Amino acid sequence: MGEKKVSLPAKLINGGVAGLVGVTCVFPIDLAKTRLQNQQGIQVYKGMLDCLAKTVRSEGYFGCYRGAAVNLTLVTPEKAIKLAANDVFRQKLSKDGHLPLWGEVLAGCGAGTCQVVVTTPMEMLKIQLQDAGRLAAQRPVPAPAQAAAPGPAPSLVAPPPRARATPPQRPSATGITVELLKTRGLAGLYRGAGATLMRDVPFSMIYFPLFANLNALGRESAGGQADVQAQAPFWQSFIAGCSAGSVAAVAVTPLDVIKTRLQTLQKGEGEDTYRGIIDCTRRIMTREGPSAFLKGATCRALVIAPLFGIAQGVYFLGVGEMVLGFMG
């Protein structure tokens with residue numbers, strides 16, 4: 001199966017534009033996924049829709065986009081690295097225009113490994129910002145001052161000032177970064193790197209070969225036989241990206257739950273902290289059961305499917321080539 005030749009700058013632009021558009025569309029669902037996965041004892045949210053409704057009610061519409069700035073800043077290099085690396089590996093591993101299945105899997109593995117450099121700090125910061133609202137919702141509301149307390153009658157001229165609970169300061173990406181670098185060094189930003197690698201490499205090994213084969217069906221059906229030079233139509237690339245993305249996302253959800261738990265720094269009352277991947281897996285299995293490993297699976301499918309559908313649609317539309325053409 002041949003691939004069209006695309007310059008590296010065009011690949012990077014395609015990946016970056018696709019990431020920006022995709023994240024903007026699906027970020028609220030990703031926020032719901034993070035909050036649902038981090039729930040252990042107190043069940044603040046009953047599901048994705050309940051989480052989004054309560055978030056809008058308590059934090060406003062833009063509360064659904066907490067952490068989006070980090071994602072929008074870093075998703076461009078992340079998606080650019082992922083898509084470009086996969087394409088480069090596919091070209092290097094193909095022989096006479098044909099890439100065997102093992103080559104597709106290996107190319108996906110290489111792409112997933114390369115992107116972890118950017119993905120780990122991005123996810124680390126994003127998770128803290130996304131989960132702050134859930135932790136705030138768990139805090140008990142301070143009771144008002146007792147109105148019928150015995151004692152002298154209050155003055156009618158100047159009523160006593162009512163104690164006003166000061167809301168907790170919202171974390172910022174800059175503040176978290178500075179604190180992590182100050183206390184834990186660069187390793188603090190790469191907390192959970194092993195779990196991120198453990199999630200992203202299998203994801204890419206499933207996603208890219210599955211997408212390539214689904215996308216090839218469009219070219220085969222167009223002329224009755226495989227046309228290696230023909231480019232799949234937009235709808236074919238979009239559907240192939242959505243389908244491959246949702247399958248890969250659900251398949252690695254248990255690994256995503258482990259990664260999310262390990263990277264969450266602030267825990268709610270009675271929630272476990274973990275010493276590593278094995279300890280996290282054991283505690284979740286023991287205390288919450290196997291179903292806990294599928295928390296947020298629906299959200300992940302709803303996030304990843306359009307995200308990669310848009311990504312592959314932009315990639316195959318050749319937005320990067322058009323941008324470079326205007327610049328040239």
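Predicted model: local features only at pLDDT ≥ 70, side-chain atom pairs only at ≥ 80, totals over all residues.
Which handedness does the crossing of α8 and α11 have? The crossing of these two helices is right-handed. More on that pair follows below, after a quick word on confidence.

The chain comes out at an average pLDDT of 83, and 84% of the residues reach at least 70.

Among the elements of the chain, helix α9 (residues 253-263) has the highest confidence, with a mean of 96. At the other end sits helix α12 (residues 319-327), where confidence is lowest, at a mean of 82.

## α8 against α11

Helix α8 spans residues 234-251 and helix α11 spans residues 297-317. Their axes lie 7 Å apart, and the two helices pack at an angle of about 150°. Sorted by class, the residues in this contact are 14 nonpolar, seven polar and one charged.

The unreviewed UniProt entry marks residues 292-318 as "transmembrane region". In the model, that span is 78% helix and 0% strand, and its end C-alpha atoms are 40 Å apart.

## α4 against α5

Next up are helix α4 (residues 101-138) and helix α5 (residues 173-184), whose axes come within 10 Å and cross at roughly 125°. That angle makes α4 oblique to α5. Their crossing is right-handed.

On the α4 side, the contact is made by Met 124, Leu 125, Gln 128 and Leu 129. The α5 side brings in Ala 173, Ile 176, Thr 177 and Leu 180. By class, that's six nonpolar residues, two polar and no charged.

## α1 against α9

Helix α1 (residues 8-38) meets α9 at roughly 80°, with the axes coming within 9 Å.

From α1, the residues involved are Lys 33, Thr 34, Gln 37 and Asn 38. They meet Thr 253, Asp 256, Val 257, Thr 260 and Arg 261 of α9. So what's the class make-up of the contact of α1 with α9? It has one nonpolar residue, five polar and three charged.

Key
Residues numbered from 1 in each chain as written. Heavy atoms only, no water. Axes fitted to C-alpha atoms, helices over the stretch in contact; angles between N-to-C directions. Helix = DSSP H or I, 4+ residues; strand = E, 2+ residues; numbered from the N terminus. Parallel < 35°, antiparallel > 145°, perpendicular 65-115°, else oblique. Left-handed = near helix turned anticlockwise from the far one by under 90°. Contact = heavy atoms within 4.5 Å. Nonpolar A, V, L, I, M, F, W, Y, C, P; charged D, E, K, R; others polar. UniProt positions renumbered as here; feature names shortened; annotations may be inferred. pLDDT = per-residue confidence, 0-100.
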